[in-house]
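I opened the notebook to record what I looked up in this structure. The entries go from the whole chain down to single residues.

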Amino acid sequence: MYNDTDDILIIGGGLAGLCNAICLSQAGLNVHVIEQKTYPAHKVCGEYISNETLPFLQSIQINIAKLRPARISRLMLSSPSGSSVNLPLGLGGFGLSRYTLDHFLYMHALQYGVRFSLNERVDSIAFHDDRFTVQLASGRFEKSKIVIAGYGKRSNLDKFLQRPFISKRSPYVGVKYHIRTDFPRDLIALHNFEGGYCGISAIENGQYCLCYLSNRSNLKEAGSIEALEELILKKNPYLKHILENSEFLYDKPLVINEISFESKKPVENHLLMCGDAAGMITPLCGNGMAMAIHSAKLLSGLIIRYYKNPDFGRDHLEHYYQKEWNRLFASRISRGRRIQQLFGRKIISNLSIQSLRLLPPVANMIVKSTHGKPF
C-alpha cells in the first residue's frame, strides 16, 4: 500500500521532528511524522533548555510559560572528591521534562494538521527519481519529496545507511530518574565522578531531573546500576547526599546504551538529518535540546524556501543546510568534546574546578561557550 500525499516525511517525533513539523505545517505544507513511540513518553535527557530558544518558540506560538518550567540561572560544578565552584549562567535556561514538552508540541502540531503514525518503525529508505520511498515495519510504504531524519542519537536506520559512527562501539551509558528532593530550583549542578558526571536540575511540578553519563567500564565492573551508584557515584559527597535523601519517582531508571559523540553528517544520501541524528553535543554542556530546536528552525526555513522558489533546488537545499549547520554547531560540538575531557577523572576534575574558582573570567567564558545566541 502506497501513500503519495506528503510534501515532507519526518522520521522521529522528538524535539527536532516536532519543531520541523510545526514550522512546515504553518507554512502550508503537508507533513507526516513517523514515531516509534506514543505521547507522552519519558526519554533519557538532561531536560535543561537554554533561553536562546525562547524567541523561536514564541514565533511558532509555543508558550512555554503555560507549562510552568523551572527557571534556572546558576551553575554548580563539583569534582569526584567534592571540590566545587558556583557560576552564574548568564543567558540561563529553563527545566522541563521531555514527557511534558514533547506532548505539548505534539498537540500543537495536531492543531496545524500534521499527520502522525505512532508506534511505527521505519525499516528502509530508497531514493530514486528525485523521490523517497520509505518502508515501514508494518509493511506499509510512504513516498515523499523530502525526508527529514530526526530520530535521535542512534537508530537501526544508521545501520541501514552505513553511517561510519554506528560501527564504532561507544564507551558510554546514560541513566535518568525523576526525583523529589531538597535542592535550589534556580540551580543546575553537574557532579563529577570517576568515569562520568551527573546533572541535577528542577523541572515542572516540583520535580527534578537526575541524569548521568558513565563509562561502560564502570557498569561492567560494578555489575548493576544500583552497584554503580553505590560504589562509584556516591564517592562524590554531593551525589551521595542526593542519592540517599531523595524520593525516586520511577519504578526503575531509564537507561540508554551506546551513546556516541562521534562526528556525523547533516546530510546522508539526500536525507536531511536534524537534532541528535545530525550531531550530538556532550551532555556536560547541557544544550542538546536547544541545538535540536535550533537545527529545526534552520532546516524548516530552507525547506520552505525550496518549495517556494523554483530556482532553489535540492542541491541548493542540501548545500546550504550543511554549510549553515556547520557554521552554527560544528565548533560548539567540538568545544563540548574538549570541555568534557576536563571532567570525569579525579585529578583533572579537581584541577579544572580549582582553576575555574581562581579565574572567574575563564569560567564565565567556558559557560558562555556552551550556550548559543538567542534565535
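**Whole chain**

I began with contacts in this predicted model. Of those in the protein chain that link residues at least 6 apart in sequence, 72% join residues at least 24 apart.

Next I looked up the secondary structure, and I noted eleven helices and 17 strands in the protein chain.

I then checked the overall dimensions. Along the principal axes, the C-alpha atoms of the protein chain fill a box of roughly 60 × 40 × 35 Å. The radius of gyration is 21 Å, which agrees with the value near 21 Å for a compact globule of 375 residues.

How much of the protein chain counts as buried? I wrote down 57% of the 375 residues. For the accessible surface I noted about 16300 Å², with 52% of that belonging to carbon and sulfur atoms.

I also looked up charges. The protein chain carries 45 positive and 32 negative side chains. The centres of these two sets lie 5 Å apart.

**Ile366**

I picked Ile366, which sits in helix α11, residues 360–369. Is Ile366 buried, partly exposed or exposed? Its relative accessible area is 24%, so Ile366 is partly exposed; the cut-off for buried is under 20%.

I looked up its contacts, leaving aside neighbours within four places in sequence, and found Ile339 and Leu356. I also compared Ile366 with His191: the two are 175 residues apart in sequence, and their C-alpha atoms are 17 Å apart in space.

**Backbone entries**

Before this part I wrote myself a reminder: most peptide bonds are trans, and most residues other than glycine have a negative phi.

Which peptide bond did I note as cis? The bond from Tyr39 to Pro40 is cis, with omega near -5°. Pro40 lies in the loop between β2 (31–35) and β3 (48–50).

I then turned to phi. Asn119 is not a glycine, yet its phi is positive, about 55°. I located Asn119 in the loop between β6 (115–118) and β7 (122–128). Asn119 counts as exposed because its relative accessibility is 56%, and the cut-off for exposed is over 50%.

My last entry is Asn269. Its phi is near 50°, again a positive value in a residue other than glycine. Where is Asn269 found? I placed Asn269 in the loop between β16 (267–268) and β17 (271–273). With a relative accessible area of 52%, Asn269 is exposed.

Technical notes. Residues numbered from 1 in each chain as written. Predicted model: local features only at pLDDT ≥ 70, side-chain atom pairs only at ≥ 80, totals over all residues. Heavy atoms only, no water. Helix = DSSP H or I, 4+ residues; strand = E, 2+ residues; numbered from the N terminus. Rg over C-alpha atoms; globule rule 2.2 N^0.38 Å. Buried < 20%, exposed > 50% of the residue type's maximum accessible area, 1.4 Å probe, protein only. Contact = heavy atoms within 4.5 Å. Areas by Shrake-Rupley, 256 points an atom, 1.4 Å probe, with all protein chains shown as cover. Lys, Arg positive; Asp, Glu negative; His and termini not counted. Charge placed at Lys NZ, Arg CZ, Asp CG, Glu CD.
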